[in-house]
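Me: I would like to learn how to read a structure like this one, feature by feature. Please give me the general idea each time, and then the case at hand.

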Amino acid sequence: MGKKAYSFKHPGRAVDTGFLSSLTFLPISNHPYMENKIMKIIGINASPRGDKSQTKKLVMAVLEGARKSGADITFVDLCSLEIKYCTACGTCYAKGECIHDDDFAALLEKMLNADGVVFGSPNYINSVTAQLKTMLDRMADSIHCQQFAGKYGCSVSTAGGSMADEVADYMNSALLHLGATTVGKVGVLVGADPNAIVPAEKQAKELGRKLADAIKTKWNDPDQTKIHLERKEYFKRIISFNKDLWKHEYDYWKGLGELK
Ligand SMILES: Cc1cc2nc3c(=O)[nH]c(=O)nc-3n(C[C@H](O)[C@H](O)[C@H](O)COP(=O)(O)O)c2cc1C
């Protein structure tokens, strides 16, 4: 696989994006979505089982549904990346950069460049996998800055016997917390009936179409918009309170004209 390096927003750090660029699929041509803008959707699977993953089938089905609606899709196998634990050092709040030099910065960049984000995880002990949670923990600065504002998202999950829907709900709550608007979920139990994945893939394809439509029409959900507005005010308040410590976040909101 040919790898290329490019410079991330923080000076002096080159980030290897080979693992991402090699997995980008081409969009279908001549789609009317915003004449000069290609709709980009990234799907992230957090199962460690690679191609054997049932959850991957759902993530791919969402991406396929979105591709048929004109999206440029990218699949990421999260467990093939190196993403270290958050140490709660606060450097991202203060400087907008992380102390770790690993694959997270390139992955975040890819998410920030997308119009839509799909999270997929199997149920591991009634929650997401440790790899997905590790990625989310590295996104606290993105949450404070509501960096997914204007994006859309959805989540998919598989489980042996229970709580696939709840795990998908949790991932959607993380997307909402980041500022994105969520369009739905698919959760399926495959332990006793492996064939249950087949109708679930159909639902996931439909979810992908819905995600693409939401992006195209800039769909507004008043309930989620209300939550976004409340969260924005909350984060601006705590960032103002900590403005000497969280300089990057204060400057970020100031740059948007949201803080004086
Ligand atoms: C460590 C571990 C924990 C799991 N915990 C649960 C659980 O709490 N409830 C459940 O119904 N299935 C559980 N499962 C089963 C997986 O959720 C299920 O096999 C899933 O479809 C695997 O997805 P994948 O094929 O994408 O890896 C667990 C599996 C593993 C390996």
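Me: How many helices and strands does the secondary structure of the chain come to?

Reply: Helices (H or I, at least four residues) and strands (E, at least two) are DSSP runs, numbered from the N terminus, and here the chain has ten helices and seven strands. This is a predicted model, in which local features need pLDDT of at least 70 and side-chain atom pairs count only at pLDDT 80 or more, while totals for chains, interfaces and linings use all residues. Residues are numbered from 1 along each chain as its sequence is written.

Me: What is the order of the strands in the open sheet?

Reply: Strands of a sheet pair through backbone hydrogen bonds, either parallel or antiparallel. Two strands count as paired if DSSP finds at least two bridges between them, and in this open sheet five strands follow the order β4-β3-β5-β6-β7 with parallel pairing. The edge strands, each pairing on one side only, are β4 (72–77) and β7 (181–189). Strands β3 (residues 40–45) and β5 (residues 116–120) are joined in the parallel sense over five bridges, and Phe119 in β5 is the bridge partner of Ile44.

Me: Which residues does Val62 contact, leaving aside its neighbours within four places in sequence?

Reply: Two residues are in contact if their C-beta atoms, placed from the backbone, lie within 7 Å. By that criterion, the partners of Val62 beyond those neighbours are Gly43, Val118, Cys154, Val156, Ala204, Leu207, Gly208 and Leu211.
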